[in-house]
Amino acid sequence: MGKNNTGFSWLLKMAWRDGKASYGKLLLFVFSITLGVAAVVSVHSFSGLLKENIASQSKALLGADYVIESDKPVNDKVMGIMDSLGGADAREINFMSMAAFPGNEGTKLMEVRGVEGGFPFYGDLETSPTSAANDFRNGGALVDAVTMLQLNLKVGDSIKLGAVTLPIAGELETVPGSTSVFGAIAPPILIPFEFIESTGLVQTGSRIEYKYYFKADEIEDMALLDEKVDPILDAEEADLDTHLSEARRLGRRYENFGKFLNLVGFIALLLGCVGIASGMGIYVQMKIKSIAVLKCLGASKRQSYLIFFIQIACMGIVGGLLGTAIGYGFQQLFPILLGDLLPVDVDITLSLQSMVLGLSLGLAMSVLFALYPLMKTLYVSPLQALRVVQETQSRSKWATIAVGLGIVLFVFCFSFWLLGDVMRSLFFVSGLLIVFLVLTAVARFFMAMLKKFFPYSWSFIARQSLKNLFRPQNQTLVLVLAIGIGTFLISTLYFTKDMLLEKAAIEDSANSANMILMDIQKQQVDGVSNTIQGAGYPIIDKIPIVTMRVETLKGKHVEDIRKDTTSQVGRWILSHEFRVTYRDSLINSERILEGDWVSMADSDSDVPISVSSDFANMAKVTIGDPVSFNVQGRIMNTVVQSIREVDWSRLQPNFSIVFPSGVLENAPQFGVMTTRTSDDMGSARLQQQLVRQFPNVSILDLKRILGLLEDILGKIGWVINFMAFFSIFVGVAVLMGAIYSSKHQRVKQGALLRTLGAQGAQILKMIAIEYAVLGFVGAFMGVLLAVLASTLLAYMLFETAFTPSWVPFFIILPAITLLVFALGVGNSIGIVRNSPLTVLKKEKE
Amino acid sequence: MSKILKVQHLSKTYRSGEHDLTVLNNVSFEVESGESFAIVGPSGSGKTTLLGLCAGLDTTNEGEIWLCGQNLFDLDEDGRARLRNENVGFVFQDFQLLPTLTALENVIVPLELRGVKKATAHGKELLAKVGLQNREGHYPSQLSGGEQQRVALARAFANKPSILFADEPTGNLDDETGTKIEDLLFELNKEQGTALVIVTHDLELAKKTDKSIRLRSGKIEETVG
């Protein structure tokens with residue numbers, strides 16, 4: 001007997017015929033995929049575009065082809081190297097300093113950049129007026145435009161930097177090398193290079209950066225230059241950055257955030273697919289008679305399976321395409337949401353890669369998740385057309401396992417593609433599985449408990465609505481999953497943001513500082529103290545600082561470590577100029593992890609020092625290891641006596657290396673002082689006074705920095721919430737799909753109840769209770785899981801105690817419950833509006 | 001005349017909890033090509049089970065069924081499906097039209113499954129033959145019971161089947177419509193030379209057939225003709 005003679009075109013035709021009559025149900029599935037794909041595509045495409053734009057604008061970001069920089073004046077060897085490279089085309093000295101504006105008594109911490117030569121060679125020095133970009137080189141200053149606006153400054157006003165007073169030549173809009181995030185704390189000022197020395201601000205302890213800018217020929221290989229010259233410069237405590245390495249560094253900074261957002265988007269897509277799987281189960285259930293009839297008419301198992309498979313694949317393709325288009329629209333919002341946190345202007349385009357990604361994701365995910373429910377079509381007996389038969393054959397166990405593994409494998413591979421790290425991908429997939437399993441377990445447990453302890457004494461309406469939660473083909477599991485995951489995401493993000501802000505917040509106590517004064521010379525300490533106390537404010541801390549570099553680690557000289565290609569010691573340790581303090585006790589941001597704290601010592605023997613755990617990890621040292629330092633020419637031998645854990649996120653001076661008292665008191669040093677001012681006016685007055693008397697002292701206003709931090713976290717939070725809301729939107733789509741899929745059951749039940757005398761209000765109450773319970777259980781589990789996850793994050797990542805904020809419990813939880821309730825009731829209103837006969841007739845259609 | 005259906009010593013037993021329930025017990029009969037044949041009996045006598053087995057919709061391991069020269073139990077499910085598509089037509093008590101397909105689309109499904117070209121034109125002819133030329137774009141839910149059964153008849157005869165199985169074809173219709181459908185059924189049976197196997201409890205309908213058997217508790221109680 002031959003095969004039947006239909007080809008693929010007939011299957012397509014049948015899929016279309018059947019699909020067009022069921023388009024209402026299929027449309028909701030498409031909607032779920034569309035939103036999920038839009039979430040992934042928008043983030044993925046935007047991250048890619050940002051990276052491309054950074055790469056294409058890398059020269060403009062640096063202002064040159066490459067730069068050689070050092071935090072101390074370069075030595076002869078470095079000079080020789082620069083000469084061999086054809087000599088620098090421009091140079092710059094920059095540091096942070098307080099600037100005073102005599103015209104209006106204003107002061108502000110600024111990034112002073114003294115530039116010489118034709119810098120920038122690429123990108124624009126945008127000024128207002130435009131001519132100021134050149135005019136300032138004749139003895140003026142370009143001042144950050146926002147600062148000019150804030151302090152009400154005009155072109156022609158004076159700016160005082162240390163001992164030098166210069167006229168403001170123009171407003172500085174953009175300049176290569178100044179980032180807007182850092183610029184918010186210390187905005188840039190450009191002055192001619194030759195005025196730097198006469199400011200008198202280059203003193204002991206000043207954090208000064210020396211930069212030499214180079215223009216290269218088009219053909220010059222930047223990667224090769226970096227590879228050859230950078231190691232030589234490293235040994236001389238200088239560094240070479242090409243525009244390519246700068247672009248890579250900047251790209252990496254945004255990449256992690258992009259990856260995180262991608263995962264959030266991917267979760268939204270997964271959620272949509274769970275909804276599809278569940279909806280498809282009901283869809284296939286409704287099609288069983290049709291499948292049986294088709295088999296009676298001679299359709300094979302494969303054919304009846306493929307008809308529905310094609311429908312799913314088409315839904316995936318349509319969802320993928322629509323999702324890509326909507327994702328393209330959504331990515332236009334990212335520059336608006338992130339604002340000046342982005343380093344470059346991003347041209348929004350739709351790349352072929354994004355289109356392929358959206359299409360393949362939509363197709364692969366929908367097909368993968370629909371395979372399991374579709375398997376049921378294979379086991380439909382044609383006898384079902386004649387009479388109701390009990391299913392004797394269920395889905396193959398192996399096929400079920402294979403589909404499950406396929407889904408997990410796909411999710412893992414996609415996560416790996418996003419994250420590029422096996423362990424992280426494993427964590428992500430495991431975390432996701434745990435959340436899915438917990439929510440599934442809770443939903444099942446809830447239904448089992450409801451069955452076991454069913455409240456038979458309750459009213460008919462309450463009993464009937466609760467029974468709906470575990471009736472055959474109920475939607476309890478999928479709705480608890482969808483609502484739970486959406487709520488979990490939003491609440492976890494909220495808690496995390498809260499934790500970050502709380503850690504950074506200044507303790508509101510009389511003992512905690514809100515102003516840090518830096519770069520105080522030894523002879524200025526008493527004067528600065530008197531000024532602060534004279535203004536009526538306390539001195540909270542006086543912290544002495546001595547600068548030094550590592551000379552040897554465990555007896556091995558840094559030069560030898562550099563040459564040793566197998567060494568695991570971080571390069572930063574070998575070239576960094578450490579700012580070290582000495583004291584006899586620990587401070588509140590520190591705790592001892594290993595060894596013993598030593599309060600006092602003398603320099604006769606090896607000095608017992610304390611290092612931070614980060615230093616110990618990077619320098620590969622542990623308790624008892626010898627480390628020697630070059631303290632401004634003098635070699636000092638020490639031994640690691642204790643390793644401290646330091647909470648760097650606290651807005652206060654923290655140190656990698658701490659010496660005991662009694663050793664460094666006579667070394668050349670400068671100081672940091674902290675105080676607590678009462679209000680903004682008092683703070684401004686004190687700053688004016690200090691800048692007038694001690695122009696080299698830099699002042700950090702922690703309140704202002706915290707405000708900026710909140711602003712940045714707020715912007716990032718917006719984007720994260722935006723992505724998390726995708727999950728909720730998908731949840732809504734899944735919810736509507738689930739309601740729609742189960743509507744025929746409810747409609748029939750409602751109409752029968754009405755026929756038996758139930759009133760419309762009673763039926764509506766039943767539905768309302770059911771959805772309110774579903775919404776509450778899902779959202780409550782989501783918040784509860786978020787508390788657990790945040791506690792883990794607080795313990796493992798942030799190392800802090802976690803007190804959940806009330807917002808997720810009292811705002812997110814009721815809001816989501818209400819949303820589910822409103823959607824459920826809103827979608828079911830048709831049941832009570834029409835007569836039972838109309839409803840039953842409609843249902844039949 | 002050749003034998004289109006041959007049933008030999010057929011039994012079917014269902015397991016119900018701890019007990020075996022025999023619904024067919026040693027049933028044997030034959031149907032010739034072009035002949036009309038009725039299976040009658042009260043509810044629960046095994047009529048529909050017998051029809052399902054004869055059409056290859058179900059299987060059993062006791063007895064044999066030869067349909068169009070093929071031993072049904074030698075074929076797998078897809079093999080039986082192909083046999084049905086090429087040789088068998090169906091009419092069901094509750095019509096069993098595909099609800100998402102229009103009247104015309106329902107009629108042409110068996111033709112398309114065979115890869116017949118100009119299936120649509122042929123389907124239109126068939127619909128015209130059952131008097132529904134103006135209803136081809138209507139969905140089943142937009143048709144009356146009689147109209148739906150006429151579409152089902154057109155679908156059943158679309159492939160010019162060698163044998164047609166009808167399960168209570170007039171059971172869901174009023175007398176007048178039922179009679180019209182019966183007439184149409186026999187007319188098409190005569191016209192196309194299709195053997196007709198009707199399951200019914202309607203003795204008047206059974207009398208119109210060439211032969212009939214009466215089942216009771218799974219056994220043949222009486223053979224007529």
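Tutor: Let us begin with strand E3 of chain B, where both faces are covered: B:Ser36, B:Ala38 and B:Val40 on one side and B:Phe37 and B:Ile39 on the other are all buried. Buried here means that 20 or more other C-beta atoms, placed from the backbone, lie within 10 Å of the residue's own, and strands are DSSP runs of E with at least two residues, numbered from the N terminus. This is a predicted model, in which local features need pLDDT of at least 70 and side-chain atom pairs count only at pLDDT 80 or more, while totals for chains, interfaces and linings use all residues. Residues are numbered from 1 along each chain as its sequence is written, and chains are lettered from A and ligands numbered from 1 in the order in which they are written.

Student: How many residues of strand E3 of chain B are buried?

Tutor: In a regular strand the side chains alternate between the two faces of the sheet, so both sides have to be checked. For E3(B), residues 36-40, the strand is largely enclosed by the rest of the structure, because the number buried is five of the five.

Student: Which residue stands opposite B:Val40 in E9(B)?

Tutor: Two strands pair if DSSP finds at least two bridges between them. E3(B) is joined by five bridges to strand E8 (residues 195-200) of chain B, which runs parallel to it, and there B:Ser36 stands opposite B:Leu196. Four bridges join E3(B) to strand E9 (residues 211-216) of chain B, also in parallel, and in E9(B) the residue opposite B:Val40 is B:Arg214.

Student: Are H2(A) and H14(A) roughly parallel or antiparallel to each other?

Tutor: Helices are DSSP runs of H or I with at least four residues, and the angle between N-to-C directions, from 0 to 180 degrees, is taken between axes fitted to C-alpha atoms over the stretch in contact. H2 (residues 23-56) and H14 (residues 352-374) of chain A pack at about 150°, with their axes 9 Å apart. Angles under 35 degrees count as roughly parallel and those over 145 as roughly antiparallel, and H2(A) and H14(A) are therefore roughly antiparallel.

Student: Which helix gives the most to the side of chain A that touches chain B?

Tutor: Two residues are in contact if their C-beta atoms, placed from the backbone, lie within 7 Å, and 27 residues of chain A are in contact with 29 residues of chain B. Helix H1 (8-21) and helix H11 (288-296) of chain A each supply at least two residues of that side. With five residues, the helix that gives the most is H11(A).

Key
Angles under 35 degrees count as roughly parallel, over 145 as roughly antiparallel, 65 to 115 as roughly perpendicular and the rest as oblique. A residue is buried if 20 or more other C-beta atoms lie within 10 Å of its own, exposed if 12 or fewer, and partly exposed in between; C-beta atoms are placed from the backbone.
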